[in-house]
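This briefing covers pockets, a surface patch and salt bridges. The sequence and structure come first.

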Amino acid sequence: MKKLLSILLLLTAWQAHAERLLDLVDIQGVRSNQLIGYGLVVGLDGTGDSGSTEFTNQSLVNMLREFGITLSKEPSVDNVAAVSVHAELPAFVRPGQKINVTVSSIGDAKSIRGGALLMTSLKGIDGEVYAIAQGNVLVGGASASGASGSRVTINSTSAGIIPNGAIVERTVASGFNHGPIILNLRERSFSTARTIASTINKVIGPKVASALNGSTVEVRAPQESDQRVTYMAMLEEMQVEPSAPPARVIFNSRTGTVVMGQNIRVLPAAVSHGSLVVTVRESTEVSQPNPFGQGTTTAIDKSDVQIEEQKGRTFIMPDSVSLQEIVTAINSVGATPTDLMSILQALKAAGALRAELIVI
């Protein structure tokens, strides 16, 4: 324990210009698990599933049967909604603790606002029950409708949450307390993996950490639980300077957003930017017959199509490693985000852009 305390003091005095190790890696064996269930929300003010939603009716019949109530025919109610219930089971959670759940309508319910979720089992991927959910649903949206059928909705009213709405019944075993600690890099990088391993070895001791590949660093650790926790707390606060990110240009085709990283380089190239303007005018002319003719007055549609190429300016893209210089050069021709995508794609095709193009 004294050795661990001395390492803690050394880490406190450690000066670095980078990020915490906690923000760069994930710890193998420390992860959350997804849970899902199917249930009923009751107590709705006529905004539940319609009578034609068969699975809601069948679920209600099955629930009533468990309480010894047998119906002669399927009920048709509008104050019940079938919902999916999902939650995230955090790492190291213990039985008896509570977690948040999200409730979403899977039928044709107009709103589940004001409803209450009946007891619902939440299962993991292995089919085992890990939590039980129940409680009043909190919906952030609101809606209003008129007699004529007009309707106004703010946000979503078909989904909501139940804070602390599920009680954990079973825990998930974790391999954190056994063997070495495995650090998985969130951004794959051989340089960063090497830096993490060398930093740990410099602070704690030689041959404590080793980089297995560009994504994984293995760290020797104490086997006692209390020392292991203290050891991991120190590792999390360790300052590591990651390697520079790869040069990338990100295009968002839906919004027209273009994001360029700092490490982009452009080789000398000439760029001429212009655009075509297509104008289509539709007009209607009236054709009148001769005064003594036998014809009739008719309307004739006339289209006038013009194509004009706007004048563009040619500029030289200098050899640059500065993002500011690249942006200034492209903005000098008045390029829109869409034009910017085309220019950068053309520079990439010409071999003048040293960056990866990613479209999302």
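**Salt bridges, pockets and a surface patch**

Glu-128 counts as partly exposed at 35% relative accessibility (partly exposed lies between buried, under 20% relative accessible area, and exposed, over 50%, with a 1.4 Å probe and protein chains only). This is a predicted model, in which local features need pLDDT of at least 70, side-chain atom pairs count only at pLDDT 80 or more, and totals for chains, interfaces and linings use all residues. Residues are numbered from 1 along each chain as its sequence is written, and side-chain values use heavy atoms, with hydrogens and water left out.

**Salt bridges**

- The structure holds five salt bridges (a side-chain nitrogen of Lys or Arg within 4 Å of a carboxyl oxygen of Asp or Glu).
- Arg-186 and Asp-26 form a salt bridge through their side chains, at 3.0 Å from N to O. Arg-186 is in the loop between strand 11 (181-185) and helix 3 (190-203) and Asp-26 is in strand 2 (residues 25-27), so this pair ties together parts 160 residues apart in sequence (helices, H or I, at least four residues, and strands, E, at least two, are DSSP runs numbered from the N terminus).
- Arg-186 is partly exposed at 45% relative accessibility, and Asp-26 is partly exposed at 39%.
- Glu-128 pairs with Arg-170 in a salt bridge of 3.0 Å, N to O. Glu-128 lies in the loop between strand 6 and strand 7 (129-136) and Arg-170 in the loop between strand 10 (159-168) and strand 11, so the pair ties together parts that are 42 residues apart in sequence.
- Arg-170 has 35% relative accessibility and counts as partly exposed.

**Pockets**

- The largest pocket has a volume of about 420 Å³ (on a 1 Å grid over the protein atoms alone, a pocket is an open set of points where a 1.4 Å probe fits, with protein on both sides within 12 Å along at least five of seven lines; lining residues have an atom within 4 Å of a point).
- Its lining has 15 residues, with Met-63, Glu-66, Leu-118, Met-119 and Thr-120 nearest the centre. Strand 6 gives the most to this lining, five residues.
- The second largest pocket holds about 350 Å³ of space, and Glu-187, Arg-188, Ser-189, Ser-243 and Pro-245 lie nearest its centre.

**Surface patch**

- Tyr-38, Phe-55 and Ile-106 form a nonpolar surface patch with about 270 Å² of accessible area together (residues with over 30% relative accessible area and no salt bridge, nonpolar side chains being joined within 5 Å; areas come from the Shrake-Rupley method with a 1.4 Å probe).
- Tyr-38 lies in strand 3 and is partly exposed at 39% relative accessibility.

Note on methods:
Points joined across faces, edges and corners; volume = space filled by probe spheres on them. Patch = residues over 30% accessible without salt bridge, like charges linked within 9 Å, V, L, I, M, F, W, Y side chains within 5 Å.
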